[in-house]
Amino acid sequence: MSVVGKRVQRPESITRVKGGGLFADDSKYHGMLHAAVIRSPVARGIIQCINTESIIKKKGIEGVFTCKDIPGKNVIPVVIDDQPLLAERYVNYVGEPIAVVVAKDRETARTVAKNAKLKIKELPAILDILEARNHPDIHIFGDDNIFKHLKIRRGNPSSAFKKCDIILENIYRTPYQEHAYIEPHSVTAIPYPDGTIEVRGCMQCPFYVREAVTKSLNLPESKVRVIQSATGGAFGGKEDVPSLIACQAALPAMKLGKPVKLTYDRTEDMIAMSKRHPSWTYYKSGVTRDGILRAVEVEYIIDGGAYSTLSAVVLFRGTVHAVGPYRCPNVKVDSYAVATNKVPCGAFRGFGSPQVLFAAESQMDELANRLDMDPVEIRRRNLLRVGDETITGQKLKNSVGLEKSLDKVIQVSGWTPGGCKQDGVGYGFSTIFYGVGLGAGGKHMARTGARVIVHADGSVSFSVGTTELGQGMITVLSQIVADEIGVPLECVDMIPTDTSRVPDSGPTVASRATTMSGNALKDACTKIRNTLRSEASEMLGCSLDEIDFDNGLVSNKGDSIPLIEVIKSCSFKRLSLSAEGWHTSPPTTFDDKTGTGDVYVTYAWATNLAKVKVDRETGEINILKIWSAHDVGKAINPTLAEGQIEGGVLQGLGYAVMEDMKSDSRGAIINPEFSTYIIPTAQDQPEIVPLIVEEPYPDGPFGAKGFGEQPLMGIAPAVANAVFDAVRVRIRELPVTPEKVWQGLRNK
Amino acid sequence: MTKYKTINPTTLDEALETLNGCNVMPIAGGTDLLVKFYEVYGKSLPKLVVLDGLIPLHEIKTENDRISLGPLVTFSEIENSPELRKAAPQLVQAASVAGSVQIRNRATIGGNIANGSPSGDLIPPLYVLNAELELSSVNGRRSIPIDKFFKGPGITVLEKNELITSISFDKTFENGFFLRLATRKALAISKVSVAANYSMQNGTITNVRIALGAVAPTVIRAPRTEEYLSGKELNDNVLSTAAKLIKEEAKPISDIRSIADYRREMVGVLLKRGLNGIPQSE
Ligand SMILES: Cc1cc2nc3c(=O)[nH]c(=O)nc-3n(C[C@H](O)[C@H](O)[C@H](O)COP(=O)(O)OP(=O)(O)OC[C@H]3O[C@@H](n4cnc5c(N)ncnc54)[C@H](O)[C@@H]3O)c2cc1C
């Protein structure tokens with residue numbers, strides 16, 4: 001192995017820092033038109049009239065399209081097909097797309113869309129999840145407004161609580177979180193004379209986009225080609241949503257026979273695009289005096305907004321992670337994704353788990369306090385180890401580095417229980433875990449393809465179906481290919497992700513790209529390696545298993561020849577050095593009635609420690625330092641792994657202490673701009689100490705498992721716990737603002 | 001900006017002449033104007049009169065005991081002026097916590113005043129320095145004390161054809177401070193701010209002027225607290241009473257940035273901290 005495990009630099013880094021890279025909105029095509037979307041101004045209503053004729057007469061307008069123009073199904077396929085591409089009779093949230101306007105230039109399209117006159121009869125809306133669930137009169141979804149109800153039943157919590165010495169019951173709330181990707185959504189649809197539609201844009205999941213476009217335009221999959229352009233951040237916000245945007249561009253492109261570009265402006269993007277689900281959690285946990293967690297009962301409700309999108313699977317992850325990484329023999333979890341007349345929520349780094357982990361880990365800290373036990377000791381007594389069962393009854397066979405991550409944080413930070421500290425300074429822990437990959441919630445998609453071609457000059461190209469989003473996937477996969485073929489890293493290039501290159505490989509979500517595409521590439525490389533090996537054995541005159549590939553050389557004992565000579569010889573003999581790779585995940589299960597099963601193929605594990613200083617007069621929280629240790633199986637590229645930790649921690653800090661998106665009494669987002677939706681800046685970044693633990697996952701490439709989401713997930717509870725440690729104020733509603741801490745201090 | 005034609009005068013007279021026309025608007029650093037340009041003026045974009053070429057309006061001048069700043073002096077220039085550091089510490093402190101390096105390099109004092117926001121950070125310091133504004137137009141010049149300039153959030157007495165051409169105040173070499181609270185460490189608008197100017201004579205405080213930002217429709221003075229403090233020795237009791245008084249003088253609201261109760265309380269906290277010489281928290 002020569003580059004796997006090494007700190008190689010991302011090849012795009014320098015270009016990006018200089019502002020380079022071809023992003024979706026940078027490309028122009030001959031005859032290209034611009035689209036803009038007419039949106040609902042009300043949270044719930046009946047569309048009475050869209051005056052398309054008056055719009056089409058406006059100067060510069062090339063067309064206006066409503067649901068009536070859709071040749072295929074008016075639906076954005078995600079999990080349940082409830083979301084229309086363009087509203088038909090009803091609108092269900094402020095910002096819901098109603099029609100698409102196309103003009104020669106963007107300004108005209110946007111102005112006309114903004115000023116379009118609509119006749120909509122407003123209906124009473126429901127905005128609050130607790131009201132919406134089982135609402136007697138207003139039905140946004142089904143007859144109870146519940147997109148999904150999941151449960152876990154383990155042991156007998158009610159009798160176990162009777163034997164507990166300490167029982168804590170609390171309510172926790174979390175708000176929206178906006179992805180704040182640096183690049184707003186943008187897509188261009190290009191029609192070809194043969195009827196093919198090509199879609200280029202920023203996205204996480206080209207195959208989702210392809211499915212949506214084929215269904216709405218009634219085209220075969222062979223006639224739709226989706227290519228990802230350089231994507232400026234995603235964080236889940238470009239998982240399901242690009243399907244909608246792509247269809248909004250592809251419909252007019254097909255109808256008008258011209259390329260159509262659709263780029264959202266920031267405010268529109270923040271009003272109408274997905275966010276992290278706000279949540280409400282009732283959490284009851286019980287321990288015996290020895291600090292052993294005996295029983296947990298959770299009711300977890302997430303606000304799905306007007307359409308189900310990914311809510312059912314977001315809820316799934318939240319449900320499975322509801323107790324945190326602990327053994328607990330008696331568990332009852334009931335979770336609900338509820339419909340409200342607000343913008344649909346979707347995927348966001350952590351996918352339904354940060355909300356419930358905030359509750360779970362705050363609760364663990366409070367239990368420790370009530371027991372007069374330190375927060376590390378209570379965790380040690382309960383955390384999962386090899387051989388233990390999770391709350392779904394999944395027996396952990398290997399790769400459980402949780403305790404190692406805890407030890408590492410303690411060792412590096414020098415934290416000691418009851419250690420002496422300045423007034424107002426506090427430390428807070430969180431220990432968490434992350435089910436790697438799609439798991440049983442999306443197991444039908446748990447496969448991925450790859451193609452590798454070794455060219456006659458020794459350069460190598462590869463294609464995968466997963467996408468680069470800034471996380472460094474191209475680099476990591478190139479490292480794997482370089483080592484598997486035996487060529488230097490500089491010889492390897494990835495072809496931009498394109499649905500015509502590989503079979504449907506599922507989405508780039510759930511921290512799955514490294515493991516899934518990595519394994520598929522290994523499969524492809526092995527096939528090529530076999531051809532090279534047999535050619536080399538002929539050239540060196542030795543048997544197949546005596547050959548070593550290393551550093552551009554093929555050798556047998558003392559004898560060696562450059563790999564390039566073997567490649568040339570294959571080429572000369574017309575042997576194929578191109579291969580397709582395929583990987584499917586090991587099976588996963590989940591029983592809906594009991595909530596039991598081997599839910600994820602493996603888990604990643606982490607410990608966070610936050611050190612804060614709270615100003616007792618102003619309630620201001622100064623984050624002094626964060627230690628964050630993650631068991632990633634194997635860090636294919638430690639620098640990029642650390643980058644994930646640093647970025648995730650900062651995004652988690654935003655969620656913890658400042659990000660606060662709000663909607664008004666009419667369901668409209670009131671702060672859809674970066675001047676009012678406040679996220680951390682470089683100045684707000686504390687010292688972050690990223691720590692890597694490697695407990696190899698046998699089915700992962702080189703032992704690696706996915707963990708890109710995990711760094712965000714446990715930061716909020718670590719900070720809330722640190723604030724409590726500092727000034728004995730417990731905040732159970734995110735974000736932990738100075739205002740809330742001050743109120744807490746005043747009420748003491 | 002490249003897409004739209006701008007007018008680039010090089011003398012004040014030329015600038016005032018152009019501003020006397022229809023649908024024109026001055027632009028200094030553009031850090032307020034450009035943010036809302038399309039949204040507010042989208043329907044008929046005004047022609048922008050670029051002030052940058054008016055060289056004399058960039059100057060910081062000292063004459064006898066008076067300092068005058070041209071409206072185009074930037075936050076960075078204020079932050080780095082040794083003269084102002086001595087003569088107007090509160091103004092320097094305010095300039096150095098606002099925005100970010102990039103914003104401070106462009107944002108001007110004239111723009112901060114003309115924009116008329118109750119959370120404009122240079123305004124409370126200018127209140128406590130008793131600053132005078134010179135307003136000029138084709139019709140002539142007038143002078144107005146800063147506290148007569150603002151009518152409400154974003155509303156000022158400035159006529160459409162007028163420019164702020166100078167901001168002046170006495171050099172006092174007294175004590176002063178500016179403290180604020182904001183949601184993050186950079187690029188944040190104040191939730192609440194307090195500025196003061198005062199002298200210490202034989203252990204007692206005199207000549208005290210205090211102004212509050214972001215807790216009323218405009219920046220306001222706190223006359224009752226000023227009166228209470230003047231002639232007092234600064235001890236814990238006096239500071240607590242002053243903090244209580246000043247809370248009653250603030251008229252904050254709850255909005256997206258903070259809540260009224262908190263803002264009111266923090267006015268008192270910041271006043272105490274300022275008078276105790278505690279610097280801006282990081
Ligand atoms: C990211 C960001 C962060 C910010 N942070 C802060 C902060 O922390 N504190 C703070 O106080 N402000 C902040 N601001 C606001 C802004 O930077 C300041 O108000 C700045 O002083 C405005 O000056 P300018 O030169 O950029 O004004 P411009 O935008 O050029 O002009 C603002 C208004 O004043 C008018 N104008 C400008 N000069 C004159 C003149 N000489 N006479 C008459 N009218 C004039 C213009 O026509 C316009 O209406 C921030 C802005 C941004 C974008």
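Two strands are taken to pair if DSSP finds at least two bridges between them, and in this predicted model the bridge partner of Asp303(A) in E15(A) is Val338(A). That bridge belongs to a set of ten that join strand E14 of chain A, residues 293-305, to E15(A), the two strands running parallel. Strand E7 of chain A, residues 146-154, also pairs with E15(A), here in the antiparallel sense and over eight bridges, and within this pairing Ile152(A) stands opposite Val333(A). Strand E15 of chain A, which spans residues 330-339, is mostly covered, since nine of its ten residues are classed as buried.

With regard to confidence, the model scores ipTM 0.95 and pTM 0.96. For chain B the mean pLDDT is 95, and 99% of the residues of that chain reach 70 or more.

The loop between strands E8 (166-174) and E9 (186-191) of chain A contains His185(A), which counts as buried because 26 C-beta neighbours lie inside 10 Å, against a cut-off of 20 or more. When neighbours within four places in sequence are left aside, the contacts of His185(A) are Cys202(A), Val241(A), Pro242(A), Ile245(A), Tyr264(A), Asp269(A) and Met273(A). Between His185(A) and Leu315(A) the separation is 130 residues in sequence, and the C-alpha to C-alpha distance is 25 Å. Ala180(A) is found in the loop between E8 and E9 of chain A as well, and its phi is near 55°, a positive value in a residue other than glycine. With 18 other C-beta atoms within 10 Å, Ala180(A) is partly exposed.

A positive phi, near 60°, is also found at Arg574(A), again a residue other than glycine. Arg574(A) lies in the loop that runs between helix H15 (563-572) and strand E23 (578-584) of chain A, and this residue is exposed, having 6 other C-beta atoms within 10 Å. A further backbone feature of chain A is the peptide bond from Leu734(A) to Pro735(A), which is cis, with omega near -10°; Pro735(A) is located in the loop between H18 and H19 of chain A.

Helix H19 of chain A, residues 738-746, has as its buried residues Pro738(A), Glu739(A), Lys740(A), Val741(A) and Trp742(A). The elements that cover these buried residues include strand E24 (603-614), strand E25 (621-631) and helix H18 (715-727) of chain A, together with H11 of chain B. Contacts between the two chains involve 14 residues of chain B and 15 residues of chain A. On the side of chain B that touches chain A, helix H11 of chain B (residues 260-275) gives the most, with three residues. The residues of chain B on this side comprise nine nonpolar, three polar and two charged.

In chain B, the domain assignment gives domain 1 as residues 6-53 and domain 2 as residues 175-275, and the C-alpha centres of these two domains lie 35 Å apart. The parallel pairing of E1(B) with strand E3 of chain B, residues 47-50, rests on two bridges, and the bridge partner of Thr6(B) in E3(B) is Leu48(B).

The ligand is surrounded by 30 residues, of which the closest are Ala28(B), Gly29(B), Gly110(B), Gly111(B) and Asn112(B). At least two residues of this shell are supplied by each of strand E2 (24-27), helix H2 (33-41), helix H6 (101-106), helix H7 (109-115) and strand E10 (163-170) of chain B. H7(B) provides the largest share, five residues. By residue class, the shell around the ligand divides into 17 nonpolar, ten polar and three charged residues.

Definitions and conventions
Residues are numbered from 1 along each chain as its sequence is written. Chains are lettered from A and ligands numbered from 1 in the order in which they are written. This is a predicted model: local features need pLDDT of at least 70, side-chain atom pairs count only at pLDDT 80 or more; totals for chains, interfaces and linings use all residues. Two residues are in contact if their C-beta atoms, placed from the backbone, lie within 7 Å. Helices (H or I, at least four residues) and strands (E, at least two) are DSSP runs, numbered from the N terminus. Ala, Val, Leu, Ile, Met, Phe, Trp, Tyr, Cys and Pro count as nonpolar, Asp, Glu, Lys and Arg as charged, and the others, Gly among them, as polar. A residue is near a molecule or strand if its C-beta atom, placed from the backbone, lies within 6 Å of it. Domain bounds come from an automatic or database domain assignment. A residue is buried if 20 or more other C-beta atoms lie within 10 Å of its own, exposed if 12 or fewer, and partly exposed in between; C-beta atoms are placed from the backbone. pLDDT is the predictor's confidence in each residue, from 0 to 100.
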